[in-house]
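Hello,

Here is the structure you will be taking over. My notes come after it.

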Amino acid sequence: NTVVTLIPNLAEFSPFSFVGGGYLEISLNYLLSLVQKSDTRSSAFLSLGQLSVAVGKQIEKHLPKIIPLLQDGLSPSSRRGFCIQALKCVSDLAHAAGPALKVYMDDLLEQMFANGLSEGLASALSEIGTYIPSFLPLLQDRVMREISLVLSGRPYSYPGSEGFDSL
């Protein structure tokens, strides 16, 4: 567990050397293997997110390997169950990769909401909206829809739109 927490610190100390020396590949593969184990999953997701922030845009080419594991971590039907630390990892990836993550966000967003509204989800969405401002309207719309479903049992309809039911 100590190694898992040290990896992002090493990358943050000297990102150029960490990436250039091939340590990103080695560390990333190690963390991705730990994400698949129930007992190390939460700390591995947190370290993966912190590592992403430390290396910045260099994480972009690794997104195709990371996203399926994040989707598994966010899925309540996963055999390992939902991992709340995966939410923080998504927001850290948004910080690191910015708009490059937008391609994956539709699927990730569905899974992020699969466990309902929570403080962790609200925090992650706030950070994602900060790091990918163009995505903010979609995030806000999705939150409104979810709140409406919880409170009224129906999806949110904007005033004046078809299906809007005024009191």
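Below is what was found, from the whole chain down to single residues.

The model is predicted. Along the principal axes, its C-alpha atoms fill a box of roughly 65 × 30 × 25 Å. The chain has 167 residues, and 40% of them count as buried. Taking contacts between residues at least 6 apart in sequence, 65% join residues at least 24 apart.

Helix packing

The axes of H8 and helix H9 (residues 136–152) come within 9 Å and cross at roughly 155°. That angle makes H8 roughly antiparallel to H9, since the cut-off for this class is over 145 degrees. On the H8 side, the contact is made by Leu125, Ile128 and Gly129; on the H9 side, it is made by Leu136, Leu139 and Val143.

Salt bridges

The structure holds seven salt bridges, including these:

- Glutamate 127 with lysine 88: the closest N and O atoms are 3.1 Å apart. Glutamate 127 lies in helix H8 and lysine 88 in helix H6 (residues 85–97), so this pair ties together parts that are 39 residues apart in sequence. Lysine 88 counts as partly exposed, at 35% relative accessibility.
- Aspartate 72 with arginine 80: the closest N and O atoms are 2.7 Å apart. Aspartate 72 is partly exposed, with 22% relative accessibility.
- Lysine 57 with glutamate 60: here the closest N and O atoms are 3.7 Å apart. Glutamate 60 has a relative accessible area of 28% and is partly exposed.

Salt bridges that share partners also join Arg41, Asp72 and Arg80 into one network.

Surface patch

Which residues form a nonpolar patch on the surface? They are Leu117, Ile147, Val150 and Leu151, and together they have about 400 Å² of accessible area. Leucine 117 lies in the loop between helix H7 (102–113) and helix H8 (119–131). At 44% relative accessibility, leucine 117 counts as partly exposed, because that class runs between the buried limit of 20% and the exposed limit of 50%.

Regards

Note on methods
Residues numbered from 1 in each chain as written. Predicted model: local features only at pLDDT ≥ 70, side-chain atom pairs only at ≥ 80, totals over all residues. Heavy atoms only, no water. Patch = residues over 30% accessible without salt bridge, like charges linked within 9 Å, V, L, I, M, F, W, Y side chains within 5 Å. Areas by Shrake-Rupley, 256 points an atom, 1.4 Å probe, with all protein chains shown as cover. Salt bridge = Lys/Arg side-chain N within 4 Å of Asp/Glu carboxyl O. Helix = DSSP H or I, 4+ residues; strand = E, 2+ residues; numbered from the N terminus. Buried < 20%, exposed > 50% of the residue type's maximum accessible area, 1.4 Å probe, protein only. Axes fitted to C-alpha atoms, helices over the stretch in contact; angles between N-to-C directions. Parallel < 35°, antiparallel > 145°, perpendicular 65-115°, else oblique. Contact = heavy atoms within 4.5 Å.
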